[in-house]
Structures are given as structure tokens and as C-alpha cells.
Amino acid sequence: MMSQFLQVLLSGLATGSIYALVAIGFALVWQAAQTINFAQGEFVMLPAFLVLVGLNYFDLPLWGALLFGLAMSILILGAAFKKLVVEPILPHGGITLVIATIALGILIRESVKEFYSAEGQPFPSVLPSDPINIFGAVVSLQDILNLVLSLGIVVLLTLFLNRTRTGRCMQATAQNPAVAEILGVDVKRMVLYTFLINAALAALASFLITPVYLAKFSNGETLGLIAFIAAIVGGFNQIRGALVGGLLIGVLDNLVATYVTAEYRAALPLILLILIILVRPQGILGTPEGRAV
Amino acid sequence: MNAWLRRVLILVLIALAIGAPLGQGNYIIYVMTSWLIFSIAAMGLNLTLGYAGQISLAQASFMAIGAYTTALLTLSGWHWLAAMPLGVLACFVVGFGLGYPALRVKGHFLAFVTLAFNTLVFLVLRNEEWLTGGTYGLVGIPRPTFGLFSTMRSLPFYYFTLMVTIIAALAMWGIVRSPWGRAFRALRENPIRAESLGVDTRRITLLAFAIGSMYGGLAGALIASLVQFIEPGSFGLAHSLRILLMVAVGGAGYFFGPFLGAGVVILLPEILRFTEGYYLIIYAVLVIVMLIFVPSGMIGIWGRIRDRFIARPVARADLQQGAQLK
């Protein structure tokens, strides 16, 4: 009984930590460019397919394909997304941009379906998936390593944002672009960095989560929604918030599916979202008006 | 455009809508009927998006609520005219309940709440087999009969839908022109000024969303009778996004935008049939390109062309926001 609970908890934390990566990227972009990216789920779906392209068409070794996937993701989902979609449309208003990202999501999803495959593709696991025993709970090593890796990435990112000059400039840009510019921060470059980091985080999340399921064109639908909700539930003006939101949803999702109802597990994020909005709209860790990264 | 010309134009369009299906095959009449139905759904979303400036990603769920309510009641012997209002009312109540928490906070929370709601409705429709028939859906939904006028054949059903559409459009015209509707527009153009003039922005936005949802329910009640078969898959998130893009493509905030947008989205697959699977890819690219160059939609393209050839007085830039309120 206890071991089952621990098992459910640990695998929930593992999935949740990957959700957190997606949510953090989403929150960063939201902060720096007031861009709500409705294609965020597709941003996590696509890198896995870029890796498969590297493996199957260019005959790269696994590490080469992963690097190729990461580089292409940063190029397409970071730089090109900002230059070709966000920059021209943002002046027309937030709603127009939201609609554009919805269309972009359809574009990515349908392109993968038409040009690669409509079937789920097996994705090579980066990490070993042997079962291991922790206090009687049987957990896959992959889950533990996923958790460790994504937490490590979050720590590195936090250190980068707080301890380096560039990171501090990015925070200043997110808080007040006008003042940051006066103080000599290259605001445009910082915003670009935010988009690149978002793309990299999405790619890493993609590499970690895809081996658990299969690589499929429709993977983004649920992932995107969960990432938004994780960001809102945790409080999207802090990295810690998105992290807590992601972990919370991962764990609750697993608990509900195991102990309450499997049919309605997908309804859980909605209920959590409405509760949070009613009780604490700034999110669990958010501060009401602050706009810190 | 002056009022006279507009009136004549509307009459010509209605005459066209009456004359166009005569002598056409069943399939073309079916496509035209679904164009009218999606125009109603898009008209409702236009109130939420174009006038109140909030994104709803659950219009297909409201269509589902309208469709399932109407279908269940008509299957148990109710007349469509009695069943439809209940479905529409259910949409208003649900929309109100959903919008209430979401609109407490600034930002695009309604978009996320409705996004999640769409998933929830889909789950309920699929899982509660005792009520909704699960994945098999509901079959054999009757079409309404009015004395001697039966809508069982496609042409009479088209005219019935056309009549409902015209009534719905007139009601929308009334809403948009009423003090309420003007408050919606004031809100979209300049929320701070609207609030300073005593507009209760939160209540107005909530009402816009709830009324917009009612139009979704009406469209659902019609589509249940048109297809005579409903299943959860026809009301998924993809369909909500499709209706949203209809509004954006046609021109959000313009009265005739939804009709144009629904026409494009319904007809484009027919025109682009030769591209087979690439239709959605081409469509998505077209939407993004259009949003970059003409963010106000296809009606905005007409405005651009008119401005190029017909000289008109230009409002002072600092007065522009106020000038638009007229």
C-alpha cells in the first residue's frame, strides 16, 4: 500500500518535472515579450521528430541526432518563431498574436502528420529504463533520472538568471523594458535570448518525455494545456512557481488516476485551474503585481 | 458606406441566399446549410472576441451542449422549438458559471479556462454512456416539422436554417447597437476610458461571453438536426479552434466578418481538395500571413482597397480611439 503510494508519487514527480520545464519556458516568454504561446505543446512535440529525422535520414548517432534536434529547435522554435511570427504580429495586439500561435500550432501538427507520419513512432530512450527498488517501490530508473535531470536544468537556469550579467539583464528586461533600455541593456537581444531558452527547454523536455510515450503528432495537445495550467497554478512570475505547478500537476494527475478515476484524470487540471483562480489568482508562489522572472 | 447602400446590399445578399440553393444537388445544399450554422456559432464568438476582446476556446463545447440537449429532448418526443431554447439557456448558464471565475482576473485567463473546459466536455460526452451514448453518439435525431412544412428534405431545412440565421443576426444587430453593445465596443477600444465612464467592465465582458455561448448552443441545436447524428468527436478542441479562426479570418469585431470567415473556412476545403492532406497546412500558413499583413481580417482587406482608391477624411491620430466609438 505504502510502496504503491511511493511509486505513484515518484513517477508523478518525474512527469511533473518535465511539465515544469515546458511551463518555465512558457512563463519566461510570457514575461519577456507578453507572448502567450498556444503552440507551446507543439514546441515540445516537434524536437522529438527532428531527432528522428537526424537518426533516420542523416544516419547520425543518437548523441549527434539529439544535438541536431536541439540546434534545429533553437533555430526554428526560438529564432524563426520570434522573427517571423512574434515580431511582425505583436504590434497588432495580444489577441492577434494568440490567434497566430494557434494557427502555428495547427501548422506544426499537420506538417509533422503529413511529412513524417500519422502513426506513433518509437523514440530511443536517452536514459536506461531498468526498474530499481526504492523502499519497496519499484520505479524505473528512467523516471528518477528524468527527475534529477530536469531539476538540474532548472537549477542551472536559475543560477544563470541570478548570477550572470546576461541573466540579470534578462530579468531587468522582463521587469521593465523601458528602464532596462535606459540603463544600457540590449532589450531586443535579451528578448531573443528568452525565446532561444524557451526553445531549448521545450527540446529538452521533448527528449525526456517522448521515450515514455511514443513520438506522435498529436502529443502537443495535452502537453501544452498542462504547461499553461502549471504556469498559472504555480504563479508565472517566478521560475519556482512554474516548477511547483508542474510537479503538483504531475503528482496529482498520477494520484487521481490511481486512486480516484482514470476516466476523468484529464479533468483534473481544469478543476485545479478554477480553484486557483478563485482562491489565489496570482498562483501558489506568485506575487500579485511583481513581474520578476 | 451609407445606410441606404448597406440596406440594399443586405437585401441583395438575402435574395442570393434564398436563390442560390435552387436547382442544386443535396451536397451543395448541405454545405450551404453548414455555412449558415457555423456563421451563427462564429457570430456568437465574434461578440466575445471581436467586441468584448476575450478569447473563448470552447465554442465547440457550447455547440455540444446545445446539440446534445436538443437531441436528447427531441428524441424523447419534444418539438425542436421547445428543446432548442433549453439548450441555449443551458449554454448561457454554463457560460456564466465558467466566465465568472475566469474574468475575475485580468489577462487571458478565459482562454485557458475555456481550453480546459473543452477537454472536460469532451470527456463527459465520451464517458457518460448512459446519457450521451458515449463514442457511438446519438443517432436518428428528428428534424422539426411545422404543420405542413416538413424540414426532412434538405431544401426546406436550408430555408428553415436561413430563417433562424436571419433572426439570430437581427438579434445580434440589436445587441451590438444597444447601449450594452456600445459598452462592449467601448470596452474593446479603451478599457480604462470605458471604466471611467461608468461601464462595469467585468459584468459586460461576462455577459458578452455568456451571450456568445448562447449562439454556440443555437448552432449546436441546428447541427444536431442537420446531421441527425452527433458524437463527441465533432465537438473537440480542433472545432473550437476552427470557429475561432473563422472569426479572425473574416474580421473580428465586424458584423459581417463571421459570415465571411465561416464561408471561407467551410468552402476552402472544397476548393483546396486537390491538395489533399496539405489543406490544413496551407490554411494555417494563409492565416499567419494574413494576420501579419491585415490583422483585421478579410473585411480589413476591403477597407485597405477602399482607402487606396477613395479619398476620405482622416481622423486625427490622437482622436482615433474616440472616433472609432461612433
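With its C-beta neighbours inside 10 Å counted, is A:Asp59 exposed or buried? A:Asp59 has 9 C-beta neighbours inside 10 Å and therefore counts as exposed, since the cut-off for that class is 12 or fewer. The model discussed here is a predicted one, and the points below are grouped by topic.

**Residues with positive phi**

- Most residues other than glycine have a negative phi, which is the background for the next two points.
- A:Asp59 is not a glycine, yet has a positive phi of about 50 degrees, and this residue is found in the loop between α2 (40-56) and α3 of chain A.
- B:Gln228, likewise a residue other than glycine, has a positive phi near 60 degrees and lies in the loop between α10 (201-227) and β4 (229-230) of chain B.
- Because B:Gln228 has 15 C-beta neighbours inside 10 Å, B:Gln228 counts as partly exposed.

**Contact between chains A and B**

- Chain A contributes 34 residues to the contact, and chain B contributes 34 residues.
- On the side of chain A that touches chain B, at least two residues each come from α3 (62-89), α4, α9 (220-234) and α11 (268-279) of chain A, and α4(A) gives the most, with 13 residues.
- Sorted by class, that side of chain A has 27 nonpolar, three polar and four charged residues.

**Packing of α4(A) against α11(B)**

- Helix α4 (residues 94-115) of chain A packs with helix α11 (residues 237-250) of chain B at an angle of about 130 degrees, and their axes are 11 Å apart.
- At that angle the two helices, α4(A) and α11(B), are therefore oblique to each other, and α4(A) passes α11(B) in a left-handed crossing.
- In this pairing, A:Ile99, A:Ile102, A:Ala103 and A:Ile106 of α4(A) meet B:Leu241, B:Leu244, B:Leu245 and B:Ala248 of α11(B), so that by class the contact of α4(A) with α11(B) has eight nonpolar, no polar and no charged residues.

**Nonpolar core**

- The largest nonpolar core has 195 residues, and those with the most contacts inside it are A:Val22, A:Ala23, A:Ile24, A:Ala103, A:Ile229, A:Ala230 and A:Leu273.
- Helix α1 (residues 2-33) of chain A gives the most to this core, with 17 residues.
- A:Ile24, once its neighbours within four places in sequence are left aside, is in contact with A:Val154, A:Leu201, A:Ile239, A:Ala242 and A:Leu243.
- A:Ala103 links two of these topics, being among the residues with the most contacts inside the core and also among those of α4(A) that meet α11(B).

How values were computed. Residues numbered from 1 in each chain as written. Chains lettered and ligands numbered in written order. Predicted model: local features only at pLDDT ≥ 70, side-chain atom pairs only at ≥ 80, totals over all residues. Axes fitted to C-alpha atoms, helices over the stretch in contact; angles between N-to-C directions. Helix = DSSP H or I, 4+ residues; strand = E, 2+ residues; numbered from the N terminus. Parallel < 35°, antiparallel > 145°, perpendicular 65-115°, else oblique. Left-handed = near helix turned anticlockwise from the far one by under 90°. Contact = placed C-beta atoms within 7 Å. Core = buried A, V, L, I, M, F, W, Y, C linked by C-beta atoms within 7 Å. Buried ≥ 20, exposed ≤ 12 C-beta atoms within 10 Å, placed from the backbone.
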